[in-house]
Number of protein chains: 4
Amino acid sequence: MFFVSDNASPVAPEVLDALARANEGYAMPYGADALMAEVRAKIREVFEAPEAAVYLVATGTGANALSLGFMCPPWATVFCHRHAHISEDECAAGEFYTGGAKLTLIDGPGAKITPAALAQAIAEATNPDVHHVRLGMLSLTNLTERGAAYTPAEVAELTALAKAAGMPSHMDGARFANALVATGATPAEMTWKAGIDVLSFGGTKNGLMGAEAVVLFDPAKAIEFELRRMRGGHLFSKHRYLSAQMAAYLKDGLWLKLAAQANASGQRLAKGLAAIPGVEVQAAPAANLMFVRMPRSAHARARAAGAAYYLMSSDDVTAGPADTPILCRLVTSWSTTDAEVEHFLALIRG
Amino acid sequence: MFFVSDNASPVAPEVLDALARANEGYAMPYGADALMAEVRAKIREVFEAPEAAVYLVATGTGANALSLGFMCPPWATVFCHRHAHISEDECAAGEFYTGGAKLTLIDGPGAKITPAALAQAIAEATNPDVHHVRLGMLSLTNLTERGAAYTPAEVAELTALAKAAGMPSHMDGARFANALVATGATPAEMTWKAGIDVLSFGGTKNGLMGAEAVVLFDPAKAIEFELRRMRGGHLFSKHRYLSAQMAAYLKDGLWLKLAAQANASGQRLAKGLAAIPGVEVQAAPAANLMFVRMPRSAHARARAAGAAYYLMSSDDVTAGPADTPILCRLVTSWSTTDAEVEHFLALIRG
Amino acid sequence: MFFVSDNASPVAPEVLDALARANEGYAMPYGADALMAEVRAKIREVFEAPEAAVYLVATGTGANALSLGFMCPPWATVFCHRHAHISEDECAAGEFYTGGAKLTLIDGPGAKITPAALAQAIAEATNPDVHHVRLGMLSLTNLTERGAAYTPAEVAELTALAKAAGMPSHMDGARFANALVATGATPAEMTWKAGIDVLSFGGTKNGLMGAEAVVLFDPAKAIEFELRRMRGGHLFSKHRYLSAQMAAYLKDGLWLKLAAQANASGQRLAKGLAAIPGVEVQAAPAANLMFVRMPRSAHARARAAGAAYYLMSSDDVTAGPADTPILCRLVTSWSTTDAEVEHFLALIRG
Amino acid sequence: MFFVSDNASPVAPEVLDALARANEGYAMPYGADALMAEVRAKIREVFEAPEAAVYLVATGTGANALSLGFMCPPWATVFCHRHAHISEDECAAGEFYTGGAKLTLIDGPGAKITPAALAQAIAEATNPDVHHVRLGMLSLTNLTERGAAYTPAEVAELTALAKAAGMPSHMDGARFANALVATGATPAEMTWKAGIDVLSFGGTKNGLMGAEAVVLFDPAKAIEFELRRMRGGHLFSKHRYLSAQMAAYLKDGLWLKLAAQANASGQRLAKGLAAIPGVEVQAAPAANLMFVRMPRSAHARARAAGAAYYLMSSDDVTAGPADTPILCRLVTSWSTTDAEVEHFLALIRG
């Protein structure tokens, strides 16, 4: 009953096996390993993007911050949701890597940006004089930090607004596979066909040890990305171990299989919780991440039995009125079992 | 016969086993895993530094650049050797992480800084007015990029000069274990007892997959290091896999055993080469890294037989006078075998 | 009838005379001029702060951005009003000089921050983990960008909240003199006695050519400010010409006399406008800056007669319904005459 | 007898008059003043560069650092002389404004870079991998910090080397007028006709109060320069007072007249000193700046009589052997009089 985060789950066995297989003999360092060629080819195939430039880093924040640095000049602003990971969870990594750009924070339910809100934010930020920062870029997170999924059509509408204002678009896909499974979209449909220029393609939260790809659908200035990765300290010397993870992830659709497992557990959990009187599941969770209000007593039972997850406030679940609703976040992963879910639901039911 | 770099060697089997063992169940992310507590305790024990703050990152450039950012304000300069990794091989990562500090480059044989050269550089850079950057810090690399080792006494003499000028001292220990084995010093003797304040404690070049520790012997401002690591994108979510590597590395002296193997191969190689007429081994390699001048014909034979290593020039080894001496770099690692060395020596002998 | 900005007004004659007097013979550069000693002593006297460190720069953005860089580390956030100059009008200069910190934008009428809003913003931003930026500093603008003035009591209440959260406080005093005149407070009451640690003490908008002081009430780390000023390119070589302006400004209370003139014109204008049917003066302008809604026809008449000021929208005042209210900003300065004001009022009356 | 620096001299009377004339009525701020249009047109005419973009700032370090930030990406290096102002005298302003680029320091007599030295430095820095910073730009100072002048032919040879390596070229012209007078070159010959892309066109050291122009001979990305100037805090609100200085400077060749005066005094001083036994004038000063070795006793006499100038060491001129040669720097300016020079020469003669 570990619902703290999908990054607390173990590495998929296929990935561990691939690392062991990669551990033979010597390999050229810094991305010149043979496995990286395989990864590059496979990502291009999966995304139907034969020209895309593909780079690996080990952390999601590294992938996002490098993307922002690459896409947004220091005198501009990044349009993103107020609850975007780049806004709330990266300790101003984007501001560091851009050399001091701004983020323009947009509100919206489910941590999704609506076209109207984006249009208004762009209009308010549009200013021809030099006192104001320029329009820099759009960054969308899919799956969002509140568990909702953008459809390709929704992404396309937002990127079209950005493009009309002269801005490129980034997708933070830390849970990209979960979003694809939730929407049924293909990788291409969700990204470049919908106007995304650069994707942070997450693996770590979905069964890898620590590997994320950055996919530049337009490779024109890719060398700049490489130099930024190096001076950020994100180029691995023993790169084959990043390559091996990503190659295993993409092989035979493992990445989508793992996300499907995580989402199925998430949906089972959400449905089960929604059926319990006194429990409120916020919005309709699209994948493996949800925010739920439950009575204090339910929290107390679950925690006493060892369930682990984040509360969204500093409430003490062991003291106070039993029926006070307290908000929590629950995340399932590829390794969540039905038994875990059922045990948790039983505890909440009381 | 792969002498390109020690970062081209595989991961030690003990480390791979440890990763597999760590892959059980859930673990709290971002360094709150139980293995990290073990790593912290072990490093404090090994370094006889019970108060030290210990952090893990995945790359040597990350470790160095974060250390520089932590130790040197933007309006100061880092004294280092001209051939230091932070000078030549990190694409200005240090300049990025410090927010635009300078490096003051010092020459010296074997990529070692001499006390006289450091004293002169400090004297020249000392200036009380605001037009000049201030004295920032000293950074020493041990083992050096030219294969020499500083003794603790040498380190102490240099850090004393730095300290007298108000500067803290950093050691880039990407090959720290090799330097210890070469000198017979203890970890404490080579670092804090010799005036080192912050150590980049390398593991990747010596049998790990991608894990380096940064050891702050004075933990007073450690939280700043943590925040810098986060906004640099260097905090791992699935941190247990960094911890597992480092724990295995430190267990039962594996790290020193691996370095001893690498050094032994290096010494066998250096001695063998030095005995071949027409071959010049530069300086006296202290550990597993050496620069060697060999006739073009010897290079041609070795390469034709599959030997891999870097030339220090753009010479073509397959065309031109047979006896032209051409400089190359050779690096052995924990996985280098005696057979590889002997095969290579035979090829060079012709 | 020039109400575009107080920075469009000329230099006060006393200041021009002082520049001419300063133009005799040689003077040591970079702040070692004799006049600077006079300025330093005078500011310490005026602010009743005998230990304060005092530095001159030529622009308000320079003063603010250097102050932010000095006070806020890169991994923290600056609490300020959404309409603060540092937020809207400096093209992310603060983000540049801090090395990539964030601004946390707070709403509030008259561009003033209320204690409740600040307390809430601090509470929301308080987070002990490393994923979130830290609490950095508070920055208040007085006079605000919407023409309101904080009283010393109001400032004290806000800085107390900041201090309780561990944050120092900055005041952007581009129109500091106007705020003092409006509130009747002394310089000390408005700043360090009210918890302000660093003041951008404006002169340019109030009769100088281009000179602002930064006053550090705690001189402990003043050398860092000096180094930041130098590397920002804001240290004047012919510094005596900054000193001469500031010395003249402070002599015999010229600075307060000029602000009193500007405020008197502003109050005359505001009162006159408020009395005109169909004209709405927003809030109660405290000094020399106001936002006013007037019918399109009134704008058309004023502009046709040569009145200059900013509209807050892209409306065309020459076409469209005559009585549509259109918002504009009006700023008076030390050089505004009663005749200008009366002429303008007559035009608006129609 | 004030030879400390040309920035210790007063403002030329024509410039002060122009400031007084500019002080009439209102003027649009931030460079929209009518005088700036005049300045722009005049600089384009003087430089025979009808397309050039022209911007004013108040300090030489501001002009240089903004130019470097505009021309050199963070992952590249600036080739310059070891004694360049950007290397030794700007507290890493260039590193700040570029976001952490490097300077590659080149030695050479008279603080001049020779083609051979530049070619070698470029060759050594050329490296296609991502571990090394890229070739960024060339920056030449003319007049150099050691008082020598590059001819247009020399500049052209150096910029051709840079261009062949893909680099643009900058000229730090803090003493540009002195270099023109010394060489007889036209502004166009010394700059864009010789391959210079961006010029820091100095005025402050040559009779202005604090005004420098940055001239972009290719205006293609000029808006980026404007945004960088703004966020650096270098855009003046009361911009007319920068414009007025620069307009007066350019009117009727005042700038060249002032430089001719400074150079004539410098040449008189250098010739006079060279004729004194025991005095050694280093190199052949081209203009108004020279380095001279004189016996301690000569220094003692001059200083006792009130002569002011910098010693290049911490020697005490009042104690020690009378004939020890001690190096000093002497700078004349537009305001240096023949009487001052003759008085000084008499003192040195003893």
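Which domains does the domain assignment give for chain A? The assignment gives domain 1 (12-252) and domain 2 (255-349). Such bounds come from an automatic or database domain assignment.

This is a predicted model: local features need pLDDT of at least 70, side-chain atom pairs count only at pLDDT 80 or more, and totals for chains, interfaces and linings use all residues. Residues are numbered from 1 along each chain as its sequence is written, while chains are lettered from A and ligands numbered from 1 in the order in which they are written.

**View 1. Domain 1 of chain A touches domain 2 of chain A.**
The centres of the two domains, taken over C-alpha atoms, are 29 Å apart. In this contact, 19 residues of domain 1 of chain A meet 16 residues of domain 2 of chain A. Two residues are in contact if their C-beta atoms, placed from the backbone, lie within 7 Å. On the domain 1 side, the elements that give two or more residues are helix 8 (176-183) and helix 11 (240-250) of chain A. Helices (H or I, at least four residues) and strands (E, at least two) are DSSP runs, numbered from the N terminus. Helix 8 of chain A gives the most to this side, with 6 residues. By class, the domain 1 side has 12 nonpolar, 5 polar and 2 charged residues. Here Ala, Val, Leu, Ile, Met, Phe, Trp, Tyr, Cys and Pro count as nonpolar, Asp, Glu, Lys and Arg as charged, and the others, Gly among them, as polar.

**View 2. Helix 3 of chain A crosses helix 10 of chain A.**
Two packed helices are described by the angle between their axes and the distance between the axes. The axes of helix 3 (residues 60-71) and helix 10 (residues 222-231) of chain A come within 10 Å and cross at roughly 130°. Axes are lines fitted to C-alpha atoms, for helices over the stretch in contact, and angles run from 0 to 180 degrees between N-to-C directions. Helix 3 and helix 10 of chain A are therefore oblique to each other. Angles under 35 degrees count as roughly parallel, over 145 as roughly antiparallel, 65 to 115 as roughly perpendicular and the rest as oblique. The crossing of helix 3 of chain A with helix 10 of chain A is right-handed. A crossing is left-handed if the near helix is turned anticlockwise from the far one by less than a right angle, and right-handed if clockwise. From helix 3 of chain A come Leu66(A), Gly69(A) and Phe70(A); they meet Glu224(A), Phe225(A), Arg228(A) and Arg229(A) in helix 10 of chain A. These residues divide into 3 nonpolar, 1 polar and 3 charged.

**View 3. Helix 12 of chain A packs with helix 14 of chain A.**
Helix 12 (residues 254-274) and helix 14 (residues 338-349) of chain A pack at an angle of about 15°, with their axes 10 Å apart. That makes helix 12 of chain A roughly parallel to helix 14 of chain A. Their crossing is right-handed. Ser265(A), Arg268(A), Leu269(A), Gly272(A) and Leu273(A) of helix 12 meet Asp338(A), Val341(A), Leu345(A) and Ile348(A) of helix 14. By class, the contact has 5 nonpolar, 2 polar and 2 charged residues.

**View 4. Chain A touches chain B.**
Each chain's share is stated here: 40 residues from chain A and 40 residues from chain B. On the chain A side, helix 1 (13-22), helix 3, helix 5 (93-98) and helix 10 are the elements that give two or more residues. That side has 22 nonpolar, 14 polar and 4 charged residues.

**View 5. Chain C touches chain B.**
Here 11 residues of chain C are in contact with 11 residues of chain B. Helix 10 (residues 222-231) of chain C gives the largest share of the chain C side, 5 residues. By class, the chain C side has 5 nonpolar, 2 polar and 4 charged residues. 100% of the interface residues of chain C are also interface residues in chain B, so the copies meet through the same surface.

**View 6. A rotation superposes chain C on chain B.**
The rotation is 180°, with 0.0 Å of shift along its axis (RMSD 0.0 Å). That is the relation of a two-fold axis. Copies are superposed by least squares on the C-alpha atoms of residues with pLDDT of at least 70 in both. Of the residues of chain C, Gly99(C) comes closest to the rotation axis, at 3.2 Å (C-alpha).

**View 7. A cis peptide bond joins Asn142(C) and Leu143(C).**
Omega is about -5° for this bond. Leu143(C) lies in the loop between strand 4 (134-141) and helix 7 (152-164) of chain C.
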